[in-house]
Structure formats: structure tokens, C-alpha cells
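Please open the model in a viewer and follow the selections below in order.

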Amino acid sequence: MSALQLCLIVSSLLFCVGLIGALARSNTILVLLGIELMLNAANLNFIAFWRYGPHPAAGTGMMFVLFSIAVAAAEAAVGLALIIAVHRHRQSVRLQEANSLKG
Amino acid sequence: MIIALIIIALLILGAASAAMLSRNLIHSALLLVGAWAGIAAFYLWAGAEFVAFAQGLVYVGAVSMVVLFAVLLTRQGATRAPVEYDSIKRAVFAFIVAGGVAGILIGAIMGSPLEGRLPSPTPSVSVLQLGLLLMGPYAPALLIVGVLLTVALLGAIVIAAVDKPEDAP
């Protein structure tokens, strides 16, 4: 098994751990953290393909990961603000209780 | 080289799965900080130092603080209330789905002809080169990311702010 395959397997397993967190838990914060883990797994893939790809000197993979991290930071900020807003309306962070649009 | 990768991978996966299975929200958040630090170590291992520092600053530094603030602000009543699991059925289905996805992905990875690639020497993209790339061909993307971050943070403040009707003019 080559190192590239090992990197890809690690990122696949990390993606699946995040998927379990997003599907099995009902706490909104944990679901958001699971989604963050899945996004990080995608970033691991970018770096792995950049490192073992044909043109590592171009730096394209690093650029993509930098922008991806910036977008993930924005997503985390907005997601956690939404969680706080929902908690203020419903006094709960369970996903099952956030089931109406107009709180 | 491979040994270091395996150690880093075990650190990442162990911390992430412990965080996703933990019943204590604070423990989950702190274990995820460990997982993000492990991912930064992976970037260092792969030779992407600048991305590793960006990961450390953004995730280990900033996102973890935001998560901890959200945990503290949404905490109800008892200080050590465990986050209970909901239903066995949902957990079982989640494990089935995630296992299926993992099987498909790993099967595809093992079946693809990736061994032909030469293990190139560690590429060195210096910070100078990254800066030239960011200011040159990627300048529009950089501007768009700046606007996106501004809009997202303003939106987050607007969403999370308390609206008091009596203060309205």
C-alpha cells in the first residue's frame, strides 16, 4: 500500500466518523462538529493529492485548503450563531425540537 | 515516514471518534481540539507548513473557542448534564450508513491504480511563493473570501444578537 492510499484511507475513516456524529447524535453542536470533521477530511484529501500529485510545486492544493479553511470558519461562526438563536427561542439544543420555521 | 503517518492517523481518528461518542459536551469539544491539532500535524508531515499554521490558528485557536462559547451559552441547568443518546435505532442506522460509505470509499481507493505515482521528494512551496500566488492569480478569490468572511460574521452577530423591542426607535 502506498502512502497516498494510506492518506486517503485515513481521510475516508475521518469522514465516516464525522458522518456518524452528524447522523447519530441529536445535539445540534455535536452535529455541527461532525460536519466540521467531514470538511477537514476533505482538506486532508486535498493535501494528500497535492503532496503525491504530478505537480507539487504548483501549490494548487495548498491554496484550495487555505480557502476551504476560511469558508469553514465562516460556516462555523454562522452555524453556532444559529444554534444560539434557536436555543433562545426554544430553550433546547435538540434537533428534534427545532421543527418549525417561525419560532 | 510511514510510521509517523500511522501515529498521526491514530491520534486523529482516536480523538475524533472519542469526541463523537462522548456523553459530555465539554469533553467532546476538547477532544475535537486534539483531532484538529492532529490534522495540523498531518499537514506538517506532508510538508504544507503554512496550511498547518493556518489550521492551528483557525481551528485550534478560533473555532474551538467559538464552540466552547456555544456550549457554555446553551447549557441548561445542571453543570454536568450528560448529553443522552436518543434512540438505539438512529445510532444503528448511522453506523450502518457510515460503515457502508467507508466500505465503498476504501474499496474504491484500494481498487484504483494509485501505486504508479512516484513518491516525490517533499515539495517545498515557500511562504513567498504562496504570497505571490495569493496576490497574483488567486487575488479575486482572496477578495471574495474576505467579503464572504465579513458578511458571514456580520450575519452571525445579527442572528445571535438579542433583539429588544423596547429599544427600537
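Select domain 1 and domain 2 of chain B: their C-alpha centres are 23 Å apart. Domain 1 covers 1-81 and domain 2 covers 123-161, with bounds taken from an automatic or database domain assignment. The model is predicted: local features need pLDDT of at least 70, side-chain atom pairs count only at pLDDT 80 or more, and totals for chains, interfaces and linings use all residues. Residues are numbered from 1 along each chain as its sequence is written, while chains are lettered from A and ligands numbered from 1 in the order in which they are written.

Next, select A:L14, A:I47 and B:I12, the residues with the most contacts inside the largest nonpolar core, which has 71 residues. Such a core is a set of buried Ala, Val, Leu, Ile, Met, Phe, Trp, Tyr and Cys residues joined through C-beta atoms within 7 Å; a residue is buried with 20 or more other C-beta atoms within 10 Å of its own, exposed with 12 or fewer, and partly exposed in between, C-beta atoms being placed from the backbone. Helices α1 (3-24), α2 (28-52) and α3 (60-90) of chain A, and α1 (2-21), α2 (25-46), α3 (49-73) and α4 (88-111) of chain B, each supply at least two residues of this core. Helices here are DSSP runs (H or I, at least four residues), numbered from the N terminus. The largest share, 15 residues, comes from α3(A).

Stay on B:I12. Beyond its neighbours within four places in sequence, B:I12 is in contact with A:V10, A:L14, B:A35, B:G38, B:I39 and B:F42, contact meaning C-beta atoms, placed from the backbone, within 7 Å.

Finally, select B:V60 in helix α3 of chain B. B:V60 is partly exposed because 18 other C-beta atoms lie within 10 Å. Leaving out residues up to four places away in sequence, B:V60 touches B:V33, B:W36, B:A37 and B:A40.

Terms used:
Contact = placed C-beta atoms within 7 Å.
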